[in-house]
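Here's a quick briefing to read alongside the model. Take a look at the structure first, then come back for the notes.

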Amino acid sequence: MTALTKLFRTTTFRLSLTYLALFGAATVVAIFYIYWNTTVLLTRQLHDTIDAELKGLAEQYTNGGLTQLVRTIADRSQTPGSSLYYVADPDGRRVAGNLTSITQELSNSLGPVEFEYSRPAEGGIETRLAFANVFRLPGGYRLIVGRDIEDRRELARVIRSAMLWGLGMMALFGIGGGYLVSRNLLARIDAVAATTRTIMEGDLTGRLPVNGSGDELDRLSESLNLMLARIEQLMAGLREVSDNIAHDLKTPLNRLRNRVEAALHEPYGEPTYREALERTIEEADGLIKTFNALLSIARLEAGAGGDNKESLDVAAVVRDVAELYEPVAEERGITLRTKPVEPVFVRADRQLLGQAIANLVDNAIKYGAPQQRAQGGNGSELEVSVTTEARGRMAEIVVTDRGPGVPSSDRDRVLDRFVRLEASRSEPGSGLGLSLVAAVARLHGGTLRLEDNHPGLKVVLSLPAESQALLNGTAHQPSGAELRSA
Amino acid sequence: MRVLVIEDDLETASFLRRALKEQGHVAEYAADGQTGLELARANAYDVLIVDRMLPKCDGLAVIGALRAEEIGTPALILSALGEVDDRVKGLRAGGDDYLTKPYAFSELLARIEALARRKSPEEGSTRFVVGDLVLDRLSHKVTRAGEPIMLQPREFRLLEYLMKHAGQVVTRTMLLENVWDYHFDPQTNVIDVHVSRLRSKIDKNFATPLLHTVRGAGYTIRDSTH
C-alpha cells in the first residue's frame with residue numbers, strides 16, 4: 001500500500017471528503033435558491049413596470065393620437081435610465097422611440113419578448129440584453145416598450161462565477177486540510193503501530209509516543225502505556241517466578257532423586273530402605289506443599305477464590321488463629337498476646353483470611369525470635385501481638401515481633417515469591433508465606449505493609465471495613481437478651 | 001467395610017483397591033461415572049470414593065444424582081482442585097468430605113473410616129466413654145476414673161472429636177478441619193502441640209495412656225487394655 005492510498009483510507013481524510021461534498025451541495029443549493037428567488041422577483045417587477053407604461057402610452061395614443069404618443073415617448077426618453085421605446089407604423093417603419101433599429105424578429109412578434117439591442121458606448125457600440133412587450137395600437141401601429149436587463153445577465157454571470165470559485169476554493173482547502181490533518185494523524189498512528197510491532201516482537205520496554213498535547217490520541221497512548229508498564233511488570237514477575245520455581249522445585253526434586261539413588265546402592269537391608277523411603281515421602285510432601293502454595297497464590301492473583309466472601313468479625317478470626325498457635329508459641333518461649341478489641345467486620349473469605357493471619361503469626365513465631373536465642377536468653381520477652389483496629393474505614397490486623405526485623409530495603413522484596421532472607425534460611429519454609437498474605441490482601445481490596453517495630457518487625461494487614469450501618473444489621477455478637485435466654 | 005472406588009486412573013484405582021483390601025475392606029471399582037452411578041444404585045456400600053473428574057459423568061454429577069434419589073451413602077470426593085471454592089462446590093453437591101490430590105493413603109483411610117462411622121448410632125450420643133475416661137456432651141464435663149478434668153473449650157472439642165472416633169485414626173488435617181474449621185496447611189506442628197497439651201491433662205497421672213500417636217498418620221484414642 002503506497003503512502004498516498006494509505007492516507008486516502010484514513011478516517012480523517014474520508015470524513016474531510018464527506019463534509020466537503022455535503023458543504024458543497026449545501027452551498028450550491030443555497031446560492032441557487034437565492035438567485036432563483038431574486039430572478040422571479042425582478043422579473044415580476046419588470047413585467048409590472050412595462051405593463052403599466054404600455055397602458056399609459058396606449059391611453060396617450062387613444063386620447064391624443066400618434067402626435068401625443070410621440071411627444072410623450074420623446075419626453076420620457078430624456079430621463080436617464082429610462083425604458084426603451086419604439087413605435088412603428090403599419091409598414092414597419094420607425095416612427096419614434098429611443099431604440100434606433102430593431103430586428104425583424106422583434107418587429108414581427110407580439111407580447112413579451114427578450115432581445116438584444118445596440119447602443120452607443122465609450123469607444124463604440126455595445127450590445128445589451130433587453131426585455132420588451134410588443135403592443136398593437138389601433139390603426140396598425142406597433143408600440144414596443146422594453147427595459148434593459150443586461151445588469152441582470154451580468155448578475156447571473158457574477159453569481160455563477162462566484163459559485164464556481166467558491167466551490168473550487170472550498171474543495172482546495174477541504175482536500176488540502178484533510179490531507180494535512182490526516183497526514184499528521186497518520187504519522188502518529190504509524191508511530192504507535194511501529195511501537196506495537198516492536199513490543200510484539202518481544203521488546204516490552206517500548207512505549208507509545210506522547211506529545212503532551214493532552215488530546216484524545218495522547219490520552220489513549222497514556223492509558224496504553226500504563227497497561228504496557230503493568231504487562232511488563234507482570235511478565236518480569238512471571239519470568240522471575242519461573243526461574244524461582246525452576247530453582248526451588250528442582251533442588252528438592254534433585255535431592256529426592258539422589259536420596260533414592262543412594263539408597264538403591266546401599267548394600268544394607270530393609271531398615272536403610274525404610275528410612276530412605278520415609279525421607280522421600282517427607283521430601284515429596286514438602287514439594288506438594290510448595291506446589292499447593294504456588295497454585296493458591298496464582299489463583300488468588302488471577303482473582304479467583306473470592307466467591308465465598310461473607311461478613312466476618314476480624315477480631316474473632318484473629319482470636320481463633322492466636323488460639324491455634326498459642327501452644328506452639330509457648331513451647332518456644334514466646335508470649336502470644338492478642339489485644340481484646342471490639343468486633344470489626346469485613347467482607348472476607350474466612351479460610352483465606354484465617355490462612356493469611358496464620359501465616360503472619362507463623363512467621364512471627366519462627367523468625368521473630370533468633371537474636372535472643374543466639375544470646376542464650378530464655379526468650380520469654382518475645383511477643384507476638386495481634387490487634388485489630390478499625391482505623392477509619394480500614395480494619396487493621398497488626399502482628400508484631402521483637403526479632404531482627406526486615407531491613408527497609410528488603411521490605412518490598414520479601415513479599416515476592418520464594419524470597420527468603422539469609423537470616424531465615426535456617427528455619428524450614430518455602431518463602432511463599434508473605435506472598436500468599438499479600439495476594440489475599442489484594443483479593444480483598446486491602447494492603448500488606450511491613451514496618452519497623454523498634455526493634456522487630458511490624459506487619460500490618462489492612463482490609464476495607466464494612467460500613468457501620470451494615471455492621472449493625474449483621475452484628476454476630478449475641479445481645480444481652482439472647483445470652484440470658486440461652 | 002464395603003467401599004466403591006470410582007476412579008478413571010487405573011493405577012490409582014488398583015493401588016486403592018489393594019491398600020483397602022490389606023486393611024480388611026471390600027473394595028469394588030468403576031472406571032467411569034456412568035458405571036459408578038449404576039453400581040452405587042444397585043449395591044449398599046458403606047462409603048464411596050469418587051474422583052471429581054470422570055469420563056461420561058462428572059464426579060459431582062454422580063453424587064448429585066444419588067442424592068436426588070435419596071441414596072445417602074457417604075461420599076469422599078478426590079480432586080486435584082484444592083481451593084476453598086472447589087471444596088465448597090464439592091460439599092454443596094452432596095459430598096461428605098473432600099480430599100485433595102496428592103494425598104497420603106493413611107489420610108484417605110482415616111477419612112473413609114470416619115465417614116462410615118458417621119452413620120452409626122454413636123453419632124448422636126450424649127456421652128462418650130473410652131476406658132475410664134468419660135465425656136459428657138451436655139454438661140461439658142470430663143472425668144477420668146471419676147476425677148474431674150478441667151479443659152479449655154477448644155480442648156474439650158478436640159477430645160470430643162477424638163472420642164467420637166474412638167478406636168479410629170484421626171489425622172492432623174481432620175482435626176484442623178473439624179475442630180478449628182480451617183482447611184489450610186498451618187505449616188508448623190500446631191495440632192501436635194494442642195494434642196500433647198490435651199494428653200498431659202488426660203493421661204499424665206494415669207497408668208494406662210488412652211491417647212496414642214499413630215506414626216505417619218495421626219492420633220487415636222482407645223483403651224488398649226481390652
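pLDDT is the predictor's confidence in each residue, running from 0 to 100. This is a predicted model, so local features need pLDDT of at least 70 and side-chain atom pairs count only at pLDDT 80 or more, while totals for chains, interfaces and linings use all residues. Residues are numbered from 1 along each chain as its sequence is written, with chains lettered from A and ligands numbered from 1 in the order in which they are written.

**Confidence in chain A**
- Chain A has a mean pLDDT of 80, and 87% of its residues reach 70 or more.
- In residues 372-381 of chain A the pLDDT is below 50, and this stretch has 12 contacts beyond near neighbours in sequence; a contact here means C-beta atoms, placed from the backbone, within 7 Å.
- Residues 469-486 of chain A also have pLDDT below 50, with eight contacts beyond near neighbours in sequence.

**Chain B in outline**
- Chain B comes to eight helices and 12 strands; these are DSSP runs numbered from the N terminus, helices being H or I of at least four residues and strands E of at least two.
- Of the 226 residues in chain B, 37% are buried, which means 20 or more other C-beta atoms, placed from the backbone, lie within 10 Å of a residue's own.
- Take the contacts in chain B between residues at least 6 apart in sequence: 57% of them join residues at least 24 apart.

**Where the chains meet**
- 19 residues of chain B are in contact with 23 residues of chain A.
- On the chain B side, α4 (84-92) and α8 (190-202) each supply at least two residues, and α8(B) has the largest share, with four.

**α6 against α8 in chain B**
- The axes of α6(B) (residues 153-164) and α8(B) come within 10 Å and cross at roughly 90°, which makes the two helices roughly perpendicular (65 to 115 degrees).
- B:E155, B:L158 and B:L159 of α6(B) meet B:H194, B:R197, B:L198 and B:K201 of α8(B).

**Nonpolar cores**
- A nonpolar core is a set of buried Ala, Val, Leu, Ile, Met, Phe, Trp, Tyr and Cys residues joined through C-beta atoms within 7 Å.
- The largest has 107 residues, and those with the most contacts inside it include A:Y325, A:I357 and B:I49.
- Helix α7 (residues 314-331) of chain A gives the most to this core, with 10 residues.
- Another core, of 21 residues, lies apart from it and includes A:Y86 and A:Y117.

Technical notes
Contact = placed C-beta atoms within 7 Å. Axes fitted to C-alpha atoms, helices over the stretch in contact; angles between N-to-C directions. Parallel < 35°, antiparallel > 145°, perpendicular 65-115°, else oblique. Buried ≥ 20, exposed ≤ 12 C-beta atoms within 10 Å, placed from the backbone.
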